[in-house]
Amino acid sequence: MATDYEKQSYWHDRFASETSFEWLVTSKHHILHLGSGTSDLHNHFRSRGLLNVTNLDFEPLAAERGRDLEQNAFGDVRMNYVVADATRLVDEPIMIGSHGGAAGKEEQIVTPAKFDLVVDKSTADAVAFLELPFHVEVMAKVPTRKVKPTDPDIYHWCFILRPM
Ligand SMILES: C[S@@+](CC[C@H](N)C(=O)[O-])C[C@H]1O[C@@H](n2cnc3c(N)ncnc32)[C@H](O)[C@@H]1O
């Protein structure tokens, strides 16, 4: 029988006994945090028990700052820190583990499809500022294959660039 998620009565009955539950992200899920910068958002993940976090930035100082922020807040470094270009992850999968900052973890190659949740806070904005000296015409927008139905919509774009 289908669950009555659309009915208020279902939620009322459920919340009568349920005091706390996360639907989409639990400690076993792997989070990719794009353009982590010097933000302490990753520490908020960790303080909620989410340790399986890979903080990625193309600026090495961001990884250093991120590690320092975690060390200062928790006394150790258990999340991953990766220096990589977020716009090239499909072509160049990232390596996390012993080089990623989390001591004792086995090294593994990670592609974007391996993550359960990708978080971006203001990095898309930064990338969107790229100004190209071309007139851009969109030729095609092709969806990539999903491994799981919950995977995000990712497209291969095909442009014609004509010099301005
Ligand atoms: C506006 S800051 C946001 C930092 C942080 N997320 C926050 O909310 O405070 C943009 C960040 O994205 C990073 N960034 C920009 N383009 C990137 C790219 N192509 N790949 C990885 N990181 C990138 C920058 O180094 C910077 O840390």
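Trainee: Which helix gives the largest share of the shell around the ligand?
Mentor: That is helix H4, residues 123-128, which contributes three residues to the shell. Please keep in mind that we are discussing a predicted model.

Trainee: And which residues come nearest to the ligand?
Mentor: Gly35, Gly37, Ser39, Phe58 and Ala86 come nearest, out of the 16 residues around the ligand.

Trainee: How do the residues of that shell divide into nonpolar, polar and charged?
Mentor: Five of the shell residues are nonpolar, seven are polar and four are charged.

Trainee: Let us change topic. How many helices and strands does the protein have?
Mentor: The protein contains four helices and eight strands. Along the sequence they follow the pattern α-β-α-β-α-β-β-β-β-α-β-β.

Trainee: What is the order of the strands in the open sheet?
Mentor: The order is E3-E2-E1-E6, so written for an open sheet of four strands with parallel pairing. Strand E3 (80-83) and strand E6 (117-120) are the edge strands, each pairing on one side only. On average, neighbouring strands of this sheet are turned by 20 degrees against each other, direction ignored.

Trainee: How many bridges join E1 to E2?
Mentor: Four bridges join strand E1 (residues 31-34) to strand E2 (residues 53-57), and the two strands run parallel. As an example from this pair, Leu32 has Thr54 in E2 as its bridge partner.

Trainee: Where does helix H3 lie?
Mentor: Helix H3, residues 60-74, lies across E2 and E3, and runs at about 170 degrees to E3.

Trainee: Now the core. Which residues of the largest nonpolar core touch the most other members?
Mentor: They are Ile31, Leu32, Val53, Leu56, Val82 and Ile94, in a core of 16 residues. The elements that give two or more residues to this core are E1, E2, E3 and strand E4 (94-96). E1 gives the most, with three residues.

Trainee: You mentioned Val53. What does Val53 touch?
Mentor: Leaving aside residues up to four places away in sequence, Val53 touches Ile31, His33, His42, Phe45, Arg46, Met79 and Asn80. Ile31 is also among the core residues that touch the most other members.

Trainee: What percentage of the protein is made up of buried residues?
Mentor: Buried residues make up 18% of the 164 residues.

Trainee: And what share of the contacts comes from residues 24 or more positions apart?
Mentor: Such residues account for 48% of the contacts with a separation of 6 or more.

Notes. Residues are numbered from 1 along each chain as its sequence is written. This is a predicted model: local features need pLDDT of at least 70, side-chain atom pairs count only at pLDDT 80 or more; totals for chains, interfaces and linings use all residues. A residue is buried if 20 or more other C-beta atoms lie within 10 Å of its own, exposed if 12 or fewer, and partly exposed in between; C-beta atoms are placed from the backbone. Two residues are in contact if their C-beta atoms, placed from the backbone, lie within 7 Å. A residue is near a molecule or strand if its C-beta atom, placed from the backbone, lies within 6 Å of it. Ala, Val, Leu, Ile, Met, Phe, Trp, Tyr, Cys and Pro count as nonpolar, Asp, Glu, Lys and Arg as charged, and the others, Gly among them, as polar. Two strands pair if DSSP finds at least two bridges between them. Axes are lines fitted to C-alpha atoms, for helices over the stretch in contact, and angles run from 0 to 180 degrees between N-to-C directions. A nonpolar core is a set of buried Ala, Val, Leu, Ile, Met, Phe, Trp, Tyr and Cys residues joined through C-beta atoms within 7 Å.
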